[in-house]
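Subject: Handing over a structure, with notes

Dear colleague,

Please read the notes with the model open beside them.

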Amino acid sequence: MDHFSVKRALSTMSVLWDTREQDTPRARKRMEQIEAPIERVALSFGDYSVKCDTLDLRDQVAIERKMDLTELAHCYCQDRKRFVREFKRAKEAGAKLYLLVENGSLDEAYSGHYRARVHPASLTASMLAWLARYNCQILFCKEENSGRVIHDVLYRELKERLEEMPDEEEI
């Protein structure tokens with residue numbers, strides 16, 4: 001697509017918010033930061049995805065958000081089967097999945113700065129295995145920036161894919 005077509009398509013961007021993600025005061029603050037229309041939909045995987053009038057990426061790109069390392073540790077241990085199923089669905093679809101962890105860092109995972117009975121070596125091993133096993137990327141941010149991160153990652157994914165599309169004259 002040419003620059004003007006991409007720009008026009010991006011102006012119609014909507015963030016897709018999974019219906020299983022709880023609607024809490026914290027989530028509403030996150031939604032305010034996104035600064036794009038938001039649609040509540042059932043996603044096959046992840047908590048957030050994106051679409052515009054030209055392209056729908058819900059089965060190609062998603063962000064799975066965790067509020068902190070403690071929640072992430074819970075997903076890798078007590079809730080592992082469900083967590084694996086979700087990431088397998090994304091992998092089978094050939095999708096790119098981002099794992100967004102609020103209020104944490106890889107350094108904090110290594111040093112055990114979280115409230116879970118999971119050894120730091122086990123937590124970091126799971127995190128790094130997920131990168132290789134499920135074609136995912138882990139991003140860390142503070143809670144107050146998570147809406148911006150969600151918007152910016154999805155915007156960039158959408159923009160890159162729109163720019164790769166052929167112009168109508170080329171078809």
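Glu35 is placed in the loop between helix 2 and strand 2, where helices (H or I, at least four residues) and strands (E, at least two) are DSSP runs numbered from the N terminus. This is a predicted model, in which local features need pLDDT of at least 70 and side-chain atom pairs count only at pLDDT 80 or more, while totals for chains, interfaces and linings use all residues. Residues are numbered from 1 along each chain as its sequence is written, and side-chain values use heavy atoms, with hydrogens and water left out.

Although Glu35 is not a glycine, its phi is positive, at about 50°. Most residues other than glycine have a negative phi. Glu35 is also exposed, with a relative accessible area of 70%; here buried means under 20% relative accessible area, exposed over 50% and partly exposed in between, using a 1.4 Å probe and protein chains only. Asn103, in the loop between strand 5 and helix 5 (106–111), likewise has a positive phi, near 55°, and counts as partly exposed at 36% relative accessibility.

Pro37 lies in the loop between helix 2 and strand 2 (38–41), and, not counting residues up to four places away in sequence, Pro37 touches Met13, Ser14 and Val15, contact meaning heavy atoms within 4.5 Å. Ser14 itself lies in strand 1 and is buried, with a relative accessible area of 8%. Leaving aside neighbours within four places in sequence, Ser14 is in contact with Pro37, Glu39, Ser49, Val50 and Lys51.

Seven aromatic pairs were found in a search of the whole structure; rings of Phe, Tyr and Trp (its six-membered ring) pair if their centres lie within 6.5 Å, and planes under 30 degrees apart count as stacked, over 60 as edge-to-face and the rest as tilted. One of them joins Tyr76 and Trp130 edge-to-face, at 4.8 Å centre to centre and with 75° between the planes. Because Tyr76 lies in helix 3 (residues 69–76) and Trp130 in helix 6 (residues 120–133), this pair ties together parts that are 54 residues apart in sequence. Tyr76 and Trp130 are both buried. The rings of Phe87 and Tyr134 have their centres 5.7 Å apart and their planes at 55°, so this pair is tilted, and both of these residues are buried as well. Tyr76, Phe83, Phe87, Trp130 and Tyr134 form one aromatic cluster.

Finally, among the contacts between helix 3 and helix 4, Leu72, Cys75 and Tyr76 in helix 3 meet Arg80, Arg82 and Phe83 in helix 4.
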